[in-house]
Structures are given as C-alpha cells and as structure tokens.
Amino acid sequence: MEPTRRFVDADNSCLFASIGYNLDHRNFSDITGLQYRQLLGQYLENNEVDKNMFEVPKDQYIDMIQNPSTWGGAVELRLFSDMFQIEIASIDVQSNRVDIFGEDNKFPQRIYLLYNGVHYDPLVMAVNESSLDDICIFESDDHETLIQMQKYCKIFKDKGDFVDISKMNTLKCSICGEMFETQEEAMIHAQNFNHWNFEQV
C-alpha cells in the first residue's frame with residue numbers, strides 16, 4: 001500500500017468530486033461532483049446549521065453552491081464532515097499543513113484531500129494499479145496514515161506543484177502563455193479555459 005493522488009477534473013467542482021471519490025470511489029463518474037453539490041443542497045434544506053457559516057442567507061447559499069461555476073472550500077468541507085459524520089483532512093501542498101474538519105466531533109473515520117492552492121484531489125492508499133481497490137476511508141486515530149500522507153504531499157511541494165495565491169500578482173499561464181497582473185484575472189482565465197498551471201514571473 002502506498003499513498004496516491006487520484007486526479008479529478010479542474011472544473012470548479014473538484015472539491016465535490018474529491019469528496020465523492022473518497023466516499024464512494026467505485027461509483028465515481030464525470031457527474032459525481034454535480035451529484036455531491038445536490039446532496040449538499042438537500043442536506044442544507046433539511047437540516048439546521050449555523051447561519052454564521054454563510055456570508056449570504058441560507059437559501060441564497062444553497063442556490064449558489066449548486067451552481068457548477070462556484071468553488072468549494074473550508075465551509076463546504078465542514079458541512080460535508082457534519083453531513084457524513086466523518087473527518088476530512090485537507091493537506092495544503094505549499095505549507096504541508098493539515099486542516100482536519102470534524103475533529104472536534106470525534107468522528108471515528110477520516111478521508112484525505114490534497115489542496116494545491118486552487119485545486120483539490122483525493123488522497124488514497126493504493127493497493128495495486130486498479131483504482132477500484134483503493135483504500136479511501138481510514139480510522140481517525142490512524143496517525144501512521146496521516147504521517148504518510150503528509151510525507152507524500154511534500155513530494156508535490158518539492159516539485160513546486162502548487163499555486164501560491166499570496167504571490168499571484170505577475171503570472172504567466174504555462175499552457176497558453178498569457179500574462180496576468182492580478183490574482184482575479186488569473187482565476188477568471190483558469191475558470192474560462194480550464195488552464196490551472198501558472199508560473200510566477
């Protein structure tokens with residue numbers, strides 16, 4: 001068994017697709033991300049949650065999060081943790097920091113995600129070459145797996161495989177060569193053209 005990054009599409013639904021892969025990878029498909037957006041919306045419609053989590057009214061948030069062009073982040077990870085009663089450990093490539101959502105609730109199981117600054121991918125333990133045999137859900141007190149996942153993510157840090165948002169002022173798209181002066185311009189370009197590799201100039 002070895003830690004492995006399974007790649008999902010950079011289509012604005014990567015967080016949702018990554019959650020879906022880790023929870024039900026045998027049924028993973030091109031529409032998993034959209035399905036998990038809908039599941040989150042249904043959960044919010046049927047359950048009371050802390051309104052302070054949202055910057056907009058809950059009904060407006062539900063509409064927004066089901067829009068395929070809306071990114072997911074920490075709020076959605078917390079909601080999915082509550083919804084599925086599972087810890088979600090997000091490992092930031094640049095800092096190698098681990099944020100564990102649901103840790104305070106002492107959920108017994110945990111899944112892992114890699115975050116490169118603009119994109120999420122599922123982290124699993126691969127048993128063999130077949131992704132169908134991936135081990136995606138772990139015990140929350142399995143510290144050895146946490147250590148292995150962090151060590152594995154450091155490989156991507158050493159390769160520079162992350163986007164440093166704080167320094168995204170002068171950027172060049174590695175795919176088409178277009179230049180950007182602001183982070184916002186680069187993000188719009190990434191969303192419109194599905195180009196997610198940037199070089200700092």
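**Exercise 1.** Is Phe84 buried, partly exposed or exposed?

*Solution.* We're working with a predicted model here. Start with the number: Phe84 has a relative accessible area of 30%. Next, the cut-offs: buried means under 20% and exposed means over 50%. Phe84 therefore counts as partly exposed.

**Exercise 2.** Work out how helices H1 and H4 are oriented, and find the residues that make their contact.

*Solution.* Grab the geometry first: H1 (residues 14–24) and H4 (residues 74–84) pack at an angle of about 30°, and their axes are 11 Å apart. Angles under 35 degrees count as roughly parallel, so H1 is roughly parallel to H4. As for handedness, H1 passes H4 in a right-handed crossing. Now the contact: H1 brings Leu15, Phe16, Ile19 and Leu23, while H4 brings Glu76, Leu77, Phe80 and Phe84. Sorted by type, that's seven nonpolar, one charged and no polar.

**Exercise 3.** Classify the ring pairs that Phe80 forms with Phe16 and with Phe84.

*Solution.* Take Phe16 and Phe80: the centres are 5.9 Å apart with 75° between the planes, which makes the pair edge-to-face. Phe16 sits in H1 and Phe80 in H4, 64 residues apart, so this pair links distant parts of the chain. Then Phe80 and Phe84: 6.1 Å centre to centre and 15° between the planes, a stacked pair. These two both lie in H4, four residues apart, about one turn of the helix. Zooming out, ring pairs link Phe16, Tyr36, Phe80 and Phe84 into a cluster.

How values were computed: Residues are numbered from 1 along each chain as its sequence is written. This is a predicted model: local features need pLDDT of at least 70, side-chain atom pairs count only at pLDDT 80 or more; totals for chains, interfaces and linings use all residues. Side-chain values use heavy atoms; hydrogens and water are left out. Axes are lines fitted to C-alpha atoms, for helices over the stretch in contact, and angles run from 0 to 180 degrees between N-to-C directions. Angles under 35 degrees count as roughly parallel, over 145 as roughly antiparallel, 65 to 115 as roughly perpendicular and the rest as oblique. A crossing is left-handed if the near helix is turned anticlockwise from the far one by less than a right angle, and right-handed if clockwise. Contact means heavy atoms within 4.5 Å. Ala, Val, Leu, Ile, Met, Phe, Trp, Tyr, Cys and Pro count as nonpolar, Asp, Glu, Lys and Arg as charged, and the others, Gly among them, as polar. Rings of Phe, Tyr and Trp (its six-membered ring) pair if their centres lie within 6.5 Å; planes under 30 degrees apart count as stacked, over 60 as edge-to-face and the rest as tilted. Buried means under 20% relative accessible area, exposed over 50%, partly exposed in between (1.4 Å probe, protein chains only).
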